Each structure stands twice: as structure tokens, then as C-alpha cells.
Amino acid sequence: MQKEASVREELFEKLKAVVGEENISRDEAVLRVYSYDVSPYKGQPEIVVRPSNASEISEIVKLANEYRIPVVPRGAGSGAAGGAVPVSGGIVVELTRMNRILEIDIKNLQVVVEPGVVHANLNRELAKYGFFFPVDPGSSEMATIGGLISNGGSGMRSVKYGVTRDYVMELEVVLPSGKIVTMGSKAPKSASGYDLVRLFVGAEGTLGIVTKARLKILPLPKSRALVLSAFDDLEKAGKAVVNTFSAGLVPSGIEILDRTAIEAVKKYNPEIDIPLVEALLLFEVDGTPRGVKEEVETIKEVCEKSGAVKIDVATSKERFDQLWSARAMVGAATTALNPDCVRVYEAEDVTVPISNVPRMLLKIREIGEKYGMNIVTFGHIGSGNLHPALVINVLDESEWDKLWKISEEIQTSAIELGGTTTGEHGVGIARAKYMEREHGEALEVMRTIKRALDPNNIMNPGKMAL
Amino acid sequence: MNDKIIEACVPEVVKCVHCGKCRAVCPTLDVLGWDNYGSRGRMILAGEIIRNGFDPDETGLNSIFTCTTCKHCTTVCPTKAKVPEVMEMTRSILVGRKKHPDIHRVLYERVEKLGNPYDEHKDRLWWIPDFREPEEAEVMFFVGCTPTYRTVEIAKSVVKILDGLEIPWTFVRDQKCCSSPLIRTGWGSITTDHNIEKIIETAEATGADTVITSCAGCYKTIIQDYPIEDLDIRIMHITQYLAEKLEKGEIELPQKPGLRVTFHDPCHLGRHAGEYDAPRKVIESMGVDLVEMEHNRQSSWCCGAGGGVRIAFPELTEKIATKRVNEARAVDAELILSACPFCVYNLRVNSQDIPVRDIVEFIAELM
């Protein structure tokens, strides 16, 4: 035990020499704070470091290998799956000091950033040039680009613009050996070699630490419009989405609020003017003013034919903002339904084929009724991604039992409907137990890759069922 | 006592779902970087202390006691978690365990002994020795400790304005510290009953029906921490009082056309009391060119002084204040105005090139 303590002391001193006294801590208060992310999982690290560059990270990882201690990378800690929670203890490597935008290369439509850049800050900077990084997570104001990359994040506009992995051109990564490697290409496309970039996007820090990223950017659309369509039947809303695609249209986003979500929003902010129906669809289209106008008309026609009971086009900026804010506030509004309860992020990211979204919504409602929980559901129907909000009194143990059962049933249903337990938040601890069911033999391939790159299993162990 | 606080605190603590949205707006996290120095980290620590038996180490105490209670986090919080209130409650619990910055105990003892936190033995009316309470008054001036002992120009300015506008006024008799510095740091109020009693006594003696104060901290404390629901007396910040008079066309303020000024919203007047318009109405009525800083109104950036931070962690306060002054510089302001003697005092000592004035000083200088 004494030997163990002196070895740990030695490691601490070596790490301190790497990052400097100001950027390392093992104070109990710090360790307790870095034990959490947004998920209900908890795990206390032994040391937290805040490095400022790839060389420091390389040294940290080498030391971790030498001392066989886990390394857990962390951005803003805004993940919902426990990805940054150090379940096996070890060193948390917080990357928020690495928050520089290194290069904005407009002529090549790309930008180079450090992993700690906050998503919203990147887009605020790019907007000055008339450009944007189209991936738009709801956590934009806090999530870091490194976290977005490592969790394979996306957001509301993924229907047209895709997900993070579609925008990562090149990555600098510190491998578990401590070696710093660059993968990918500056060229707009490349058919050369294994697509390692795509392997590292969504690897959740299990294969290395991303220290630099070259991302594709796009010009900001000149015009945007929003169509709100109300349906008295969930199935009809689902069909309207399918019919929209069939009409040859790809809106930038299609969001759904079911009755529970509409009620929650109305209770949270009674001034929001939206109809109380079974389902509301929010279509966002963008592009040239003329193109947007045409697309709005097409969506209106499609929705009318699909049985919409009310259609409202947001032309003014005020109405546009109000409708988007209605969607944005659903998550927060879920707590308004009962002031004693808060949302627990479990089963919050299920994703199914688009045509199965109505069935998934009904299934969630059915599960809620079975357990007596009013589950508010909303999400990116255009990409099949739903965010059911499980809301409980966290001080009541029996509610936790119920929550775990509901979570299991919702996620199992998603898999049965041909979907996945996570569309954009990642696996972490929360969904590790579904990996085998979702991937079968392919999980063994992942494990083989993991073993090859990280033979000592120091990189974020205990995640993704690796 | 602690059990009752814990009972009240737990439901607020669990409202924080650790989403981290507050990371972008916490002035102390912005300077110190470590998550434990931001609102989310503090809420986690409050939970650990209250629910999981954590006996905080020095870093834990510093994390809890560096919160300026600026409330910026609550305004962006999806669940509207009441972070300043949780910090005050957690601090109370820690004070009960004798774990707190020593200087906060000193403040308590000074208020208890002298009625002010500044260790001043002078009479509160030292700066206006000829004052005699009038037989009749319309308003009662609650001066506050900072204008009385540190920024006396602010106190004098209020008097000059009231006299200049021919508003019959008097002082709240025998006033003591409002207890804001004690409540924010977890020591609770020891002057509430006294001050309420004196407000009533002065009102009965002079007929005044309105208390005015130029201090955002006193204002917030009296309207939110004092049990004044049944008090038939209006409590107003002086900018609210002046804005109301301007709206009614009862007064006119001196003009300074062409001057480029910016306004720093004091947290206690803005986010805590919800008053953003009154000071702006007053400023705009003076013909100046009012420019907003990047962070304004609900998203105003704290000056770094509140919550007992300035006295316990002066270097931190200095860095936060410097950022705020830089925002004023970025919009080429020639003058920074505020409506709180504590903010004014703090920004002034941290601004090398741009002058900082309280709105009342600005008005009085032109009268």
C-alpha cells in the first residue's frame, strides 16, 4: 500500500513537471467535480490535468502507459452518456485550455481548430466571414469541438448537412503509445488508405486523444424559412416526412414535437403560440431566397395532402425565432411539468429508420403509460433521432427503479425497430450494454482494433463495451 | 439550523443536471478555468457537501466562496437552478461548521459592533454634519455603507439631486448596514429588524412613503431578503425613482450631448431585481450617446466584486473587473456609468483610462 502511494506520488510529480503546478490537481474538491458529466453515472479520477498542447498530452499518455493508469479525455463535460466519466479512476485530461482557432482558410473551405474550441464560438467567428460549421448540436454554447468529434455528434440540421464525421478532413491524434500522428487529408477528397479519420470520430477517446482538427465549412445560406405543420395523428406526421423526401426535397431540418412536448412548452412559456395537437412538425429550409420560397410551397402542399390540420409559415424573423425557441426549450420545459422532478439523461438518444419514427413515438408513449410516467418526446424526425425525456424525482429511490426499466424498454424497442440506442450522443457507459446487440460480430472487430492500438487498455477504459 | 437549510437546499441542488450551459457565462470560471470554479462545479460541490458528507478541503471552500452570486448562470440555466441561493445556503452550512474565509467573520463582527463592514467608527452622517431631520419629507434616503464610507461623492450626489429637484427628503434614521455582505457570505442578517423598524419610524415621523437607495446591493437585499410584504412603503432604487419622475414629466435632468457613455448593469439591480430599463431611461434623458457593451442587460458581465469575493479574493476580482473595463474600451466608451457604489468603486480602481461614475455622480456633476 505504501509502495503504491509512493508510486502515485512519483507519477503526480512527473505529471506536474509536464503541465505545470497550475494545471494539475488531486484536491478532493476537484476530483469530485470531475466525477460527473450530464449522465447519471459517476466515477472519481485520481488526478486532473489541463494540458495546453499535443506534446504535453503525449507525455501524459506515455506516463499513463508506464504507470498503467487510465486516461480519460474531457471537453466541457457536457456529454450525456458518461463518456468523460472516469469509471476506472485515473487521469482526467481536460482539454478546454486548447481552445484556439488556428486557421480559417476560406479559399479552401476549411478551418483548423484545437479540441477545446466551443462550438458556438467557432460559428460566431466563422459568421464574420459569412461561413459556418453546419453541425449544430443543442449543446452548442458549451460543447467543445473535441467532444463533438469524439462522440460523433450532430444536431437539428443533420437531414441536409449530415453529421460531424462528414466534416472532419484531418485529425491530429495522440495515440495510446504517446505518438502524435496526423491522419486524413487537406484535399477536399481522398481515396488514399484506410479512413482513419472516420475511425477516430466517435471513438470516445478509447483510441487516443484528438489534439487538432481540420474541418470543412460552408457558406451561410442566404435565406431560411420555417414551416410549422400540425397533425391530429402521429402516423400522418410520420408520413408527411416521408412524403417530403419523396417529393425530392431535403429540408435542412425536420423536428417533431408530440403532444407531451407541446404541452410542456406551453406550460413552460404560455406566450409561445403553437397549437395543441398530436404532433407538430417543424420544417426548416434554407438556400437562395427563390429556392426557399419554392421549397416552402412544396412542403405546404405535401403537408396538406398528408392530412395536416394547420400549416403556418414563419416569414418574420420574430416568428421564426419564436418557433425555433419552442423547439429549443422542450428539453428545459420537461422539468416544468413537475417542479419536484428533473430530467435524467437515459434512453435519450434513440434513432430509428425514418419510416419507423411514428411507431417509435407510439411505443415510447405506451411504455410511459405502462410505468405511469409522462414521457415528453421530441427530436430530429428527419434523421430518425428522438429524444425522450425521462423526468423523475431523483430523491425518490423507487423512481430510479422505474427509470432503469423504462430506459431498457425504450432502447430495446429502438433496436427492434431497426435502429440504434444513440444517434448523436455516444455510447459511453450508458449504452455499453447494448453494443453486442447492436453490432454483433462487428463488436469483436472494434475490440481487435482497440487491443492493437491500446494494448494496455489505458485509454478511457470501461466505455463502449470494448 | 443546518438541518433546515439542508432541507431547503437539496431540492435546488438536484435541479442542476450538470449540462454545463453556465460554463459560458460564469465570470470566475472564465478567469480560473477549473470546473470547480464555475457554477456547475459549485452545484456539484454543494451536493457533495450537503448530500454526500463531503468535508471540503481548501480548494472546495475556495470554490464555494469565489461565487460572486452574479446570477448569470441562472439566466441561461435550462432548469433555472438558483445557484446564488444555493451558494448562500451552502455557505451558511459551512459557516455553521466554522469553515469560511476569516475575513468574512471579521465583516460580521464589524457589522455587529459598528453597524458597518468597513471598520468605520465615524458617525454615518459625518459627511453632512449640518443635517437636521425635516418635519415633512417625501422620500427617505437609505445611503448604504459604501457611499457613506468609501464613495461619499455618491451619497453627496444623491442629496444634491434631491435638493436640486426640490424633492423633500430625509435619511432613514439611524441606519445600519443592510446585511447584504453577511447574507451573501452565509452569515445571515443581523440588521433586518432594526432597519425595518427605523424605516417605519422615519415614515411615521416625516410622512415619507418611499425609501430610495443608490446602492443596488441594499436595494436587492431590502426588497428580497427583508420581510416587507406588509410594509406600506415603496422601496426604490434611485434610478427607478428618477425614471418615474421623468416619465411623468415632473423633472428634467442636465444634458451632456455627444458624450459616448456605456452602462454597466449591476447584478443586484439587473439580474436579481429585474431592473434594466430605469437606469437607461435616466441616462438617455441626458442627451448622451449610450452604447451597449458586448454583455449587457440580462447577460451583463459581473464586475467581480459581489458575494464577498472582493474582500476575500481581490486578485480574482481584479481580473474579472479588467475584462469588464475592456468591454467598455471595445465600444470606445468615454465614460462608464453604473448604478451601484460597489460596482463603481471596483471598476474605478481597475480602470486606468476610462473614467467610471455612478449615474447620480454624473447627474450631480452637471447640475
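Modeller: A salt bridge is taken here as a side-chain nitrogen of Lys or Arg within 4 Å of a carboxyl oxygen of Asp or Glu. The model is predicted, so local features need pLDDT of at least 70 and side-chain atom pairs pLDDT 80 or more, while totals for chains, interfaces and linings use all residues. Residues are numbered from 1 along each chain as its sequence is written, chains are lettered from A and ligands numbered from 1 in the order in which they are written, and side-chain values use heavy atoms, without hydrogens or water.

Across the interface of chain A and chain B there are three salt bridges. One salt bridge pairs A:Arg32 with B:Glu48, whose closest N and O atoms are 2.7 Å apart. In contact (heavy atoms within 4.5 Å) are 34 residues of chain A and 29 residues of chain B. Together the chains bury about 2,500 Å², 62% of it from carbon and sulfur atoms; this is the accessible area (1.4 Å probe) lost by two parts on being put together, summed over both. Of the area that chain A buries against chain B, 22% comes from A:Arg32, A:Val33 and A:Met142, more than from any other three residues.

Over all chains the structure holds 66 salt bridges. Within chain A, A:Glu263 forms one with A:Arg259, the closest N and O atoms being 3.9 Å apart. Both residues lie in helix H9 (residues 259–268) of chain A, four residues apart, about one turn of the helix; helices are DSSP runs of H or I with at least four residues, numbered from the N terminus.

In chain B, the axes of helix H3 (residues 39–51) and helix H6 (residues 83–96) come within 10 Å and cross at roughly 40°. Axes are lines fitted to C-alpha atoms over the stretch in contact, with angles from 0 to 180 degrees between N-to-C directions.

H4(B) contributes B:Leu61, B:Ile64 and B:Phe65, and H6(B) contributes B:Met87, B:Thr90, B:Arg91 and B:Leu94.

How values were computed:
Helix = DSSP H or I, 4+ residues; strand = E, 2+ residues; numbered from the N terminus.
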